[in-house]
Amino acid sequence: MLQGKAAAAATEFEQTIAIQPDAIPALTGLAWIRATSAAASLRRPGQALAMAERARQLSKGQDPQAYDALAAAYAALGVFEQAVTSARLGIQVADAAGQTLLADEMRARLQLYQNRKSFVR
């Protein structure tokens, strides 16, 4: 059931990006699905990395979810040092923005990346 929801969400994000290529929430949302999905048909970490990096650039480094997706993409590609760096930056941005729940979730994923494991849903 979760895979069906992720596929539907991916389609919606793709449609949004087709109309608004600079839509940060759509870029980060699709990047997250492409980096973390357990379904091989949805998982495309290279694409996730490109979208998350674009979202980070568009947000001028002020969107913690862009860093979260970026970290997940790096981890999915096995580039754990960059995953750790991105996660730490994202946690700093989330904390500064008062997004404590997101920061705490990112801290949990940071532990995975430090142990050279990717986050899969």
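Six helices and zero strands make up the secondary structure of the protein, which is a predicted model. Read along the sequence, the order of elements is α-α-α-α-α-α. The radius of gyration is 13 Å, close to the 14 Å that the globule rule gives for 121 residues, so the protein is as compact as a globular protein of that length. The C-alpha trace spans about 30 × 30 × 25 Å along its principal axes.

Of the 121 residues, 45% count as buried. Among contacts with a separation of 6 or more, 57% are accounted for by residues 24 or more positions apart.

The surface can be described by area and by charge. The protein exposes about 6,300 Å², and carbon and sulfur atoms supply 54% of that area. There are 13 positive and 10 negative side chains; the centres of these two sets lie 5 Å apart.

A search of the whole structure finds one aromatic pair. Its members are Trp 32 and Phe 119, whose ring centres are 5.5 Å apart. Trp 32 belongs to helix H2 (residues 24-36), whereas Phe 119 lies in the segment after helix H6 (100-114), so the pair ties together parts that are 87 residues apart in sequence. Trp 32 has a relative accessibility of 17%; the cut-off for burial is under 20%, so Trp 32 counts as buried.

How values were computed:
Residues are numbered from 1 along each chain as its sequence is written. This is a predicted model: local features need pLDDT of at least 70, side-chain atom pairs count only at pLDDT 80 or more; totals for chains, interfaces and linings use all residues. Side-chain values use heavy atoms; hydrogens and water are left out. Helices (H or I, at least four residues) and strands (E, at least two) are DSSP runs, numbered from the N terminus. The radius of gyration is taken over C-alpha atoms; the globule rule is 2.2 Å times the number of residues to the power 0.38. Buried means under 20% relative accessible area, exposed over 50%, partly exposed in between (1.4 Å probe, protein chains only). Contact means heavy atoms within 4.5 Å. Accessible areas come from the Shrake-Rupley method with a 1.4 Å probe; for residues, only the protein chains shown count as cover. Lys and Arg count as positive and Asp and Glu as negative; His and the chain ends are not counted. The place of a charge is taken as NZ of Lys, CZ of Arg, CG of Asp or CD of Glu. Rings of Phe, Tyr and Trp (its six-membered ring) pair if their centres lie within 6.5 Å; planes under 30 degrees apart count as stacked, over 60 as edge-to-face and the rest as tilted.
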